[in-house]
Structures are given as C-alpha cells and as structure tokens.
Amino acid sequence: MDHIQGLRLSLAVARRALEAGKHPFGCVLVGPDGAVLMEQGNAFDSEGRTGHAETVLARRACAAFSAELLAESTVYISAEPCAMCSGALYWAGVGRVVYAMSEERLKRIIGPHPDNLTLDLPCRTVFAAGQRPVEVIGPLLEEDPEAVGIHDGVWER
C-alpha cells in the first residue's frame with residue numbers, strides 16, 4: 001500500500017465518522033506487510049474531548065499488538081495528530097505517522113470552534129522530544145478537495 005492509498009482509507013473512515021454524526025477525523029493502522037490492522041473514527045461523542053481517533057486507536061493498538069509489530073507499523077491519519085494524539089502514538093510505539101492535512105491548515109478551517117480548539121503544535125515537535133524515532137510524512141494532501149472538503153459546513157456555528 002502506498003501512502004496516498006493509506007490516506008484515502010483514513011479519509012473514508014473520517015467520512016463514516018461524519019455520517020455517524022461525529023467529527024470528521026479518521027485513522028488507519030497498517031502493518032509492515034501492508035495489511036490494515038485497525039481503523040478508528042473520531043469518538044468525541046462517546047469518549048469526550050479526548051476521544052480523538054488517534055488517541056483511541058493508540059490505546060486499542062497497545063492492547064492488541066506487540067511493541068515490535070507497532071514499531072514497524074504506520075498510522076495513516078486524515079489530519080496531522082494534535083499534541084495529545086502525537087503523545088499517545090509515541091507511547092503506543094508506532095513507528096511511522098503519515099497525515100493528509102496539517103494541524104495549521106486545520107486550524108484555519110475550524111477557527112476557534114469550542115468543540116475543537118486546535119492546538120497548533122506540529123507533531124514533529126512532539127516526536128522530536130521523545131527518546132525514540134517516529135518517522136513523520138506529511139502533509140501529503142494539504143489542498144486535496146477530499147481532505148479539506150470533508151470539513152465543509154461542519155464547524156459553522
């Protein structure tokens with residue numbers, strides 16, 4: 001699976017989250033062999049403000065897979081992980097993060113919406129503070145109509 005395919009899968013998860021009445025975020029965990037191991041949409045409605053897709057996936061992945069497997073795995077994410085999600089992915093032991101749209105771009109789209117007061121702190125900064133490497137690739141779909149368009153009308157008040 002190439003990175004664009006992985007990101008398209010994460011966007012499909014985000015679309016399903018939106019269709020279910022949740023915020024439009026999604027991620028997919030892919031193993032070293034290219035197989036999809038797990039997917040997760042936003043869980044803001046059931047887990048509160050910390051129910052970001054990546055944080056929930058990180059908890060689930062730790063319980064389901066070995067540290068060795070996670071170190072060789074990739075998480076594809078519809079938007080750059082925030083500082084909380086980056087920390088969760090770091091502690092889960094994920095080896096690579098690939099994201100579609102930057103947190104900075106997301107902040108411009110959402111604005112000061114009370115449901116998502118975007119913390120514009122690049123995930124690279126969070127991972128660089130750790131003691132093990134996490135490869136980061138992105139943003140790869142910064143202006144893509146699908147990646148950006150999924151947020152159309154969602155954050156209006």
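Is H23 buried or exposed? H23 counts as buried, since its relative accessibility is 12% (buried is under 20% relative accessible area, exposed over 50%, partly exposed in between, with a 1.4 Å probe and protein chains only). The close-ups below come from a predicted model, where local features need pLDDT of at least 70, side-chain atom pairs count only at pLDDT 80 or more, and totals for chains, interfaces and linings use all residues. Residues are numbered from 1 along each chain as its sequence is written, and side-chain values use heavy atoms, with hydrogens and water left out.

**View 1. H23 and its contacts.** Here we zoom in on H23, which sits in the loop linking α1 (3–19) to β1 (26–30) (helices are DSSP runs of H or I with at least four residues, strands are runs of E with at least two, and both are numbered from the N terminus). Skipping residues up to four places away in sequence, H23 touches A17, N42, F44, D115 and W155 (contact means heavy atoms within 4.5 Å).

**View 2. The open sheet.** Five strands line up in the order β2-β1-β3-β4-β5, with mixed pairing (two strands pair if DSSP finds at least two bridges between them). The edges belong to β2 (36–41) and β5 (135–137); each has a single partner strand, so one side of each lacks a neighbour in the sheet. From one strand to the next, the twist averages 15 degrees. At one end, β4 (residues 96–101) and β5 pair in the parallel sense over three bridges, and V97 stands opposite V136 in β5.

**View 3. The nonpolar cores.** The largest nonpolar core has 21 residues, of which L29, V75, I77, L89, V97 and F127 touch the most other members (a core is a set of buried Ala, Val, Leu, Ile, Met, Phe, Trp, Tyr and Cys residues joined through side-chain atoms within 4.5 Å). At least two of its residues come from each of β1, α3 (53–64), β3 (74–79), α5 (83–92), β4 and α7 (123–128). L7, L11, V30 and V98 are among the 11 residues of a second, separate core.

**View 4. α3 against α5.** The two helix axes come within 8 Å and cross at roughly 15 degrees (axes are lines fitted to C-alpha atoms over the stretch in contact, with angles from 0 to 180 degrees between N-to-C directions). That makes α3 and α5 roughly parallel (angles under 35 degrees; over 145 is roughly antiparallel, 65 to 115 roughly perpendicular, the rest oblique). Where they meet, E54, T55, A58 and C62 of α3 face M84, C85, A88, L89 and A92 of α5 in contact.
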